[in-house]
Amino acid sequence: MPVNKNAMTRYQVLDELLSNRYHDYTIDDMTSIVNERLKEMGISPVTRRCIEKDIHYLEYDGPYMAEIERNDMPYYNAEKEKTVIRRYLKYSDPSYSIFKKEMSSDEKYLLSQALDLLGQFDGLPTFEALQQFKEGLRVGDHRQIVSFTKNPLENSNLFGELFIAISQKQVIRVHYHKFGEEDVDLTADLHPYFLKEYNRRWYIFGQLVEEDMMICFALDRMNGFDPLPGKQYKEFEGDINDWFEDIIGVTRYPGKPVEHIVFWVSDKSKSYVVTKPIHESQKMYKGEKEAAMRSRYPMLEGGMFFSIDCMENYELYSVMLSFGAELVVLEPVGVRDELRKRVEKMMEVYDGVQR
């Protein structure tokens, strides 16, 4: 069989599927997935028979001589109301690949540094194997040069297990509890999409199976989770990072509008806000816009005026209040009044403390 460009593309996809340790694929599954990839590249689809010949080539006729095992497993077909036998194919050695190559010294060094970064996340899967792999790279003068602030999890394996569930597109049943109710086990079925850290706490984001709604769970309030292999995984439509574009932190309330928030920062804190923006949309007022604000708020001496465009949430108010009197929200009135209520409540609490 001549190895042309299209054939090599098919071999690359088949290599991924045959080495996947978390999913089993039949010939029909492989044919469907290969054709999806070919379609994305503008290449005509192939038949099941073509995929069978490709696998035979990988095993016997080509230079690879790959060892492929076939396992027959019962499968209940709900549509036909009967149990059928499905034959799954995979490499006998899951670490095998037909596309292995030697790395240069620069590639080894960069990979070693990347493994150092990964090693700072407690509970990543196969960490011991990664450590052995790093040692096997034999990179000279190796030392850690980047570090992250960590918040250790009580269940350090949870992060790694969720990492696998997301990467392998597994539907999961989350077991969690509320603060102060550790003995009450709550559950939710989730299509997991994303792990995100905010303010030294990790969260997992996903869509509820029974509802068309995105939700997040803090990992330190999760008791664990169970994979649900019988449920079909639903992909996230679009870029998951867009979900966080209009908020500070992780809390997003459905139906909340994006607010144009104008605020003043004192001379003491303005450099801090300039160099560490409160939100990605932050803009500093200059020229006529700054002059108009100073005319409107003459009681605010010096400092700078800024604006951000984001939704109201708990994190927004926490960040604004963290500056104390060095930051004053001016517009909109609703956000300013909400901050004032929180400040007044704080004053009530402090006034009520016995001296």
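Helices and strands in this report are DSSP runs, numbered from the N terminus. The structure is a predicted model.

**Pockets**

Three such elements, helix H1 (5–18), helix H2 (27–40) and strand E2 (82–91), each contribute at least two residues to the lining of the largest pocket. H2 contributes the most, with 6 residues. The volume of the largest pocket is about 1300 Å³. Its lining consists of 29 residues, and those nearest the centre are His23, Asp24, Tyr25, Lys169 and Gln232. By class, the lining of the largest pocket comprises 11 nonpolar, 8 polar and 10 charged residues.

The second largest pocket holds about 630 Å³ of space. Its lining has 19 residues, with Tyr198, Ile248, Lys276, Pro277 and Ile278 nearest the centre. Strand E4 (181–198) and helix H9 (314–322) are the elements that supply two or more residues to this second lining. E4 gives the most, with 3 residues. The lining of the second largest pocket divides into 9 nonpolar, 5 polar and 5 charged residues.

| Pocket | Volume | Lining residues | Nonpolar / polar / charged |
|---|---|---|---|
| Largest | about 1300 Å³ | 29 residues | 11 nonpolar / 8 polar / 10 charged |

**Aromatic pairs**

The ring-pair count comes to 11 aromatic pairs. One of them joins Tyr193 and Phe236 edge-to-face, with 5.4 Å centre to centre and 65° between the planes. This pair links distant parts of the chain, since Tyr193 is in strand E4 and Phe236 is in the loop between strand E7 (222–227) and strand E8 (259–265), 43 residues apart. Tyr193 has a relative accessible area of 10% and is therefore buried, the cut-off being under 20%. Phe236, at 24% relative accessibility, counts as partly exposed.

Another pair involves Phe194 and Phe244. The ring centres of Phe194 and Phe244 are 5.7 Å apart and the planes meet at 35°, so the pair is tilted; planes under 30 degrees apart would count as stacked and those over 60 as edge-to-face. This pair also links distant parts of the chain: Phe194 belongs to strand E4, and Phe244 to the loop between E7 and E8, 50 residues apart. Phe244 is buried because its relative accessible area is 9%.

Elsewhere, Tyr11, Tyr57 and Tyr64 are linked into a cluster by ring pairs.

**Charges over rings**

A second case is Lys289, which lies over the face of Tyr285 at 4.4 Å from the ring centre.

**Met284**

Met284 is located in strand E9 (residues 283–284). Its relative accessibility is 30%, so Met284 counts as partly exposed. Apart from neighbours within four places in sequence, Met284 is in contact with Val274, Met304, Phe305 and Phe306. The C-alpha atoms of Met284 and Ile308 are separated by 9.2 Å, and the two residues are 24 residues apart along the chain.

Conventions:
Residues numbered from 1 in each chain as written. Predicted model: local features only at pLDDT ≥ 70, side-chain atom pairs only at ≥ 80, totals over all residues. Heavy atoms only, no water. 1 Å grid on protein atoms, 1.4 Å probe; cavity = no way out; pocket = protein on both sides within 12 Å on 5 of 7 lines; lining within 4 Å. Points joined across faces, edges and corners; volume = space filled by probe spheres on them. Helix = DSSP H or I, 4+ residues; strand = E, 2+ residues; numbered from the N terminus. Nonpolar A, V, L, I, M, F, W, Y, C, P; charged D, E, K, R; others polar. Buried < 20%, exposed > 50% of the residue type's maximum accessible area, 1.4 Å probe, protein only. Contact = heavy atoms within 4.5 Å. Phe/Tyr/Trp six-rings, centres within 6.5 Å; stacked < 30°, edge-to-face > 60°. Lys NZ or Arg CZ within 6 Å of the ring centre and 35° of its normal.
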